[in-house]
Amino acid sequence: MDNLLQRVKEIDIRQVARDLGFEIVQSRRMNCPFHVEDSPSLVFYPPPQNEFHCFGCGKHGDVINLYADACQIDFKTALEELATRYIPAYDGVRHKTIRKLDIKSVYTNKPLPEKQFKFKPIYSEIYERFQQFCLTQPATESARKAAEYLRGRGIDDWTIRHFKLFVIKNYIVANDFLKSNYSLEDLKACGIVNDKGNLVFFVHPIIIPYYQDGRIVYLQGRTIGNPPDGASKYQFLSGVPRSIYNLDSIKKLRPNSEVYLTEGAFDCMTLVKHGMMAVSLGSAKIFKKEWMKYFKKYKILISFDNDTAGINGANALIEDFLMAGILAEKRDWNKGFKDINEYFGRTM
Ligand SMILES: [Zn+2]
């Protein structure tokens with residue numbers, strides 16, 4: 001059958017969720033089956049988009065992903081089962097009925113990886129000594145390119161110093177530094193090396209440190225310019241839950257202060273440089289419930305990117321803020337621009 005994949009992707013995702021036995025509330029939300037929670041943070045985007053996104057754990061996908069992951073079967077099997085059940089002309093005969101899940105077991109059989117993660121003070125020490133080490137290394141070609149790239153994005157010297165950005169000037173030397181100073185166990189636990197025991201920031205030499213109460217609690221890497229094939233622009237620590245970028249700066253503001261919420265850390269830096277209060281989430285798709293408390297007293301201005309993920313993420317997040325009794329709205333002054341950096345780059 002032609003375009004079977006396309007036709008299956010168009011099956012109403014909420015209908016499939018209901019048929020699986022999930023309860024949908026407020027016509028577009030349900031308790032996420034992929035992490036443990038008490039209130040629904042999984043949101044459906046109805047057709048034509050026909051996708052789901054969980055603001056608790058960040059899981060995202062289309063109707064086939066939802067069905068496959070909820071049933072714990074592979075994509076191809078999910079595709080066939082959905083086609084048999086929902087597409088009348090499909091003549092596959094292997095699966096006559098949709099599965100009915102034992103919802104209880106779905107909710108309880110997947111402990112949250114984040115629940116198992118426990119931050120230890122040694123992790124901050126590793127991140128901070130790594131930063132010190134990188135800052136004191138001699139300049140290299142890669143460092144020069146990184147500086148040039150940052151300047152091109154409007155990240156000036158003040159911003160670099162203020163946010164304590166640093167660059168891995170020589171990957172091999174940096175990798176050796178870590179391994180000769182810390183145990184592999186600690187390095188893996190704090191996410192700075194991968195399963196093979198190597199520094200995760202292989203093609204991401206620009207490092208953005210996240211601070212909490214003055215200590216580094218997270219590192220995020222960025223490629224210089226566009227990423228090479230197969231890589232993404234950002235590299236996050238391995239197995240360590242993300243936190244909010246620049247969070248310290250909004251901890252003691254006056255009530256009703258305006259706080260910008262951005263996707264990217266560079267957007268956040270640019271706003272701060274221009275005198276605004278801002279934090280970044282690192283993604284339009286991840287907002288953890290336990291983060292709500294940081295925003296309680298403020299007015300939130302959401303300035304995500306002008307793409308589908310950004311627009312959908314902002315809309316869903318505004319609803320969540322409003323439900324939590326927090327004033328939130330979109331700040332559209334970057335309309336017509338891809339993101340905030342581009343806006344300031346073109347207009348200031
Ligand atoms: Zn979830």
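**Close-up 1. Strands S11 and S12 side by side in the predicted model.** In this predicted model, Ile302 stands opposite Lys330, a residue of strand S12. Strand S11, which covers residues 299–303, is joined to S12 by 3 bridges, and the two strands run parallel.

**Close-up 2. The open sheet that contains S11 and S12.** The sheet is open and is formed by 4 strands, which follow one another in the order S10-S9-S11-S12 with parallel pairing. Because strand S10 (278–280) and strand S12 (328–330) each have a single partner strand, they stand at the edges, and one side of each is left without a neighbour in the sheet. On average, and with direction ignored, neighbouring strands of this sheet are turned by 25° against each other.

**Close-up 3. Helices lying across the strands.** Helix H12, made up of residues 265–273, lies across strand S9 (258–262) and S10, and runs at about 175° to S10. Helix H13, made up of residues 308–323, lies across S9, S11 and S12, and its direction is at about 160° to S12.

Close-up 4. In general, an α-helix has 3.6 residues a turn, so residues three or four places apart point the same way.

Terms used: Residues are numbered from 1 along each chain as its sequence is written. This is a predicted model: local features need pLDDT of at least 70, side-chain atom pairs count only at pLDDT 80 or more; totals for chains, interfaces and linings use all residues. Side-chain values use heavy atoms; hydrogens and water are left out. Two strands pair if DSSP finds at least two bridges between them. Axes are lines fitted to C-alpha atoms, for helices over the stretch in contact, and angles run from 0 to 180 degrees between N-to-C directions. Contact means heavy atoms within 4.5 Å.
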